[in-house]
Amino acid sequence: VLNWTDAATVEDVPADDVIGMIVAGKDLALYSVEGEIFATDNICTHGHARLCEGFLEGHEIECPLHQGKFDVRNGKPTCAPVTEAIRSYPVKIEGGRVWLALD
Ligand code: FES
């Protein structure tokens, strides 16, 4: 059973963009891609950079520091120098709000 945390309203996440937010003490990145919302940890696995300050193109987020990339759907690295996946979190939309399973 997933434990859902109310993180934001759907309108908080601009279309085809990324925002950073602290939820339950975690620094997270929320992405809106083609009307769907995704969530990952916000700090890159390669160095101390916040992905919310990077560049989102399609389902890929580019890190602002060395331009490594991750797939926001599953956190998998898609471009060097990142080699380690970033944690991604299940998302559900209910009542106009974005719920995350953070456990
Ligand atoms: Fe993100 Fe280096 S800190 S690619």
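Residues 24 or more positions apart make up 41% of the contacts in the protein with a separation of 6 or more. Two residues count as in contact if their C-beta atoms, placed from the backbone, lie within 7 Å. The model is a predicted one: local features need pLDDT of at least 70, side-chain atom pairs count only at pLDDT 80 or more, and totals for chains, interfaces and linings use all residues. Residue numbers start from 1 along each chain as its sequence is written.

Now the overall build. The protein has 11 strands and 0 helices. Its pattern along the sequence is β-β-β-β-β-β-β-β-β-β-β. Both kinds of element are DSSP runs numbered from the N terminus: helices are H or I with at least four residues, strands are E with at least two. The C-alpha trace spans about 40 × 25 × 20 Å along its principal axes. With 103 residues, a compact globule would have a radius of gyration near 13 Å, and the protein agrees, at 13 Å. That radius is taken over C-alpha atoms, and the globule rule is 2.2 Å times the number of residues to the power 0.38.

Next, the interior. Of the 103 residues, 30% count as buried. Buried means that 20 or more other C-beta atoms lie within 10 Å of a residue's own; exposed means 12 or fewer, partly exposed is in between, and C-beta atoms are placed from the backbone. The largest nonpolar core has 25 residues, and Ala 29, Leu 30 and Tyr 31 have the most contacts inside it. Such a core is a set of buried Ala, Val, Leu, Ile, Met, Phe, Trp, Tyr and Cys residues joined through C-beta atoms within 7 Å. β3 (26-33), β4 (36-41) and β11 (97-101) each supply at least two residues of this core. β3 gives the most, with 5 residues. Take Leu 30. Not counting residues up to four places away in sequence, Leu 30 touches Ala 8, Val 13, Val 18, Ile 19, Met 21, Ile 37, Ala 39 and Val 98.

β11 also has strand partners. Strands pair if DSSP finds at least two bridges between them. β1 (residues 4-9) pairs with β11 in the antiparallel sense over 5 bridges. Here Thr 9 stands opposite Arg 97 in β11. β10 (residues 91-94) and β11 also pair in the antiparallel sense, over 4 bridges. In this pairing, Val 91 stands opposite Leu 100. β10 and β11 form a hairpin with 2 residues between them, and Gly 95 in the turn has a positive phi of about 60°.

An open sheet of 4 strands comes next, with the order β5-β6-β7-β8 and antiparallel pairing. β5 (55-57) and β8 (77-79) stand at the edges with a single partner strand each, so one side of each is left without a neighbour in the sheet. Neighbouring strands of this sheet are turned by 30° against each other on average, direction ignored. β7 (residues 69-71) and β8 run antiparallel and are joined by 2 bridges. Lys 69 has Cys 79 in β8 as its bridge partner.

Finally, look at Glu 60, in strand β6 (residues 60-62). Glu 60 is partly exposed, with 17 other C-beta atoms within 10 Å. Leaving aside neighbours within four places in sequence, Glu 60 is in contact with Lys 69, Phe 70, Asp 71 and Thr 78. Glu 60 and Gly 96 are 36 residues apart in sequence and 25 Å apart in space, C-alpha to C-alpha.

How values were computed. Axes fitted to C-alpha atoms, helices over the stretch in contact; angles between N-to-C directions.
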